Amino acid sequence: MKDFTCITVTTPVAGVAAIQLSRPKVLNALNLQTMVEIVEALESIEQNNDIRCVVLYGNEKAFAAGADIGEMGDAGTIEMLKRDQFSRWEKIRTFKKPIIAAVSGFALGGGCELAMHCDMIIASETAQFGQPEINIGVMPGAGGTQRLTRAVGKALAMEICLTGRMINAQQALRAGLVNKVVPVQSFIQEAIALAQEIASKPPIAVQLIKESVLKSFSSTLEGGLEFERKNFYMLFATEDQKEGMHAFIEKRTPTWKGQ
């Protein structure tokens, strides 16, 4: 994989890629280059059959403290339309393999939105989530009003977006925004352990489960059930389905091929 300037990519354990946001001097503020590199890394990972799950993280102080305001402070409407900076975020949304955000410290504005683009969030005890765009005269633009509402409900999403106030890790857990809260010392390891567990499952089934869960956010119940049912039937064309069911009957551990 190519060298990056704003992120680092490693494979801490078999089957798992870890992408670290690496702009600590600005609390991992998300400039255009950072997002380009994240997308490039994901495109490469998507083609690598040995990688089955991804962990995205920052450092103990910040996952990402927001967008890089310096890049847009003087921009006009036409320039922002032409830049269309949020379109590349669609690659994160449509990425086929599960992504786990490991969040410690600030996840604000674009940082909160980036975490919500992921499929699961492991938070450290110091994690703080928020959409403070209101404080600089704008509003969330990469899904903050939509994904946050779906995650925590209308009332809390309204409060967070309209006041710019942050919620802490325990509040985020109670609201359903994060999966788990762990000590700062272990937040990355916890996310990698979860990713490793998912990576040990049959990859085609993992992909179709992710697609089916996400479908529930853009479909009626009837449409979602139909989508789920077709994916279920589709898995009976895979070698892994035969292996999994035969292994269950024979009381042995299955060996997945991703086929």
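Predicted model: local features only at pLDDT ≥ 70, side-chain atom pairs only at ≥ 80, totals over all residues.
Colleague: Which residue of β10 is the bridge partner of A123?

Modeller: V181 is the bridge partner of A123 in β10. Strands here are DSSP runs of E, at least two residues long, and helices are runs of H or I, at least four, both numbered from the N terminus.

Colleague: What makes β7 and β10 a pair?

Modeller: Two strands pair if DSSP finds at least two bridges between them. β7 and strand β10 (residues 180–182) have three bridges, in the parallel sense. Therefore they count as paired.

Colleague: How do you know that β5 and β7 pair?

Modeller: Four bridges join β5 and β7, in the parallel sense. A101 stands opposite I121 in β7. A102 has I122 as its bridge partner there.

Colleague: Which way do β3 and β5 run?

Modeller: β3 and β5 run parallel, joined by four bridges. The bridge partner of V55 in β5 is I100.

Colleague: Why is β5 called mostly covered?

Modeller: Buried means under 20% relative accessible area, exposed over 50% and partly exposed in between, with a 1.4 Å probe and protein chains only. Five of the five residues of β5 (residues 99–103) are buried. I99, A101 and V103 point one way, I100 and A102 the other.

Colleague: What is the strand order in the open sheet of four strands?

Modeller: The order is β4-β6-β8-β9, with mixed pairing. β4 (62–64) and β9 (167–168) are the edge strands, as each pairs on one side only. Strand β8 (residues 128–130) and β9 run antiparallel, with two bridges. F129 has I167 in β9 as its bridge partner.

Colleague: Are C112 and C161 buried or exposed?

Modeller: C112 has a relative accessible area of 1%, so it is buried. C161 has 13%, so it is buried too.

Colleague: Why is the pair F232 and F236 called edge-to-face?

Modeller: Rings of Phe, Tyr and Trp (its six-membered ring) pair if their centres lie within 6.5 Å; planes under 30 degrees apart count as stacked, over 60 as edge-to-face and the rest as tilted. The count comes to two aromatic pairs. F232 and F236 are 5.3 Å apart centre to centre, with 65° between the planes, so they form an edge-to-face pair. Ring pairs link F232, Y233 and F236 into a cluster.

Colleague: What makes F232 and F236 partly exposed?

Modeller: F232 is at 48% relative accessibility, so it counts as partly exposed. F236 has a relative accessible area of 35%, so it is partly exposed as well.

Colleague: How do you find cavities and pockets?

Modeller: On a 1 Å grid over the protein atoms alone, a cavity is a set of points where a 1.4 Å probe fits but cannot get out; a pocket is an open set with protein on both sides within 12 Å along at least five of seven lines; lining residues have an atom within 4 Å of a point. Points are joined across faces, edges and corners, and a volume is the space filled by probe spheres set on them.

Colleague: What lines the largest cavity?

Modeller: I19, I38, L42, V54, L56, I92 and I99 do. The cavity holds about 30 Å³ of space. α1 (32–46) and β3 (53–57) each supply at least two lining residues.

Note on methods
Residues numbered from 1 in each chain as written. Heavy atoms only, no water.
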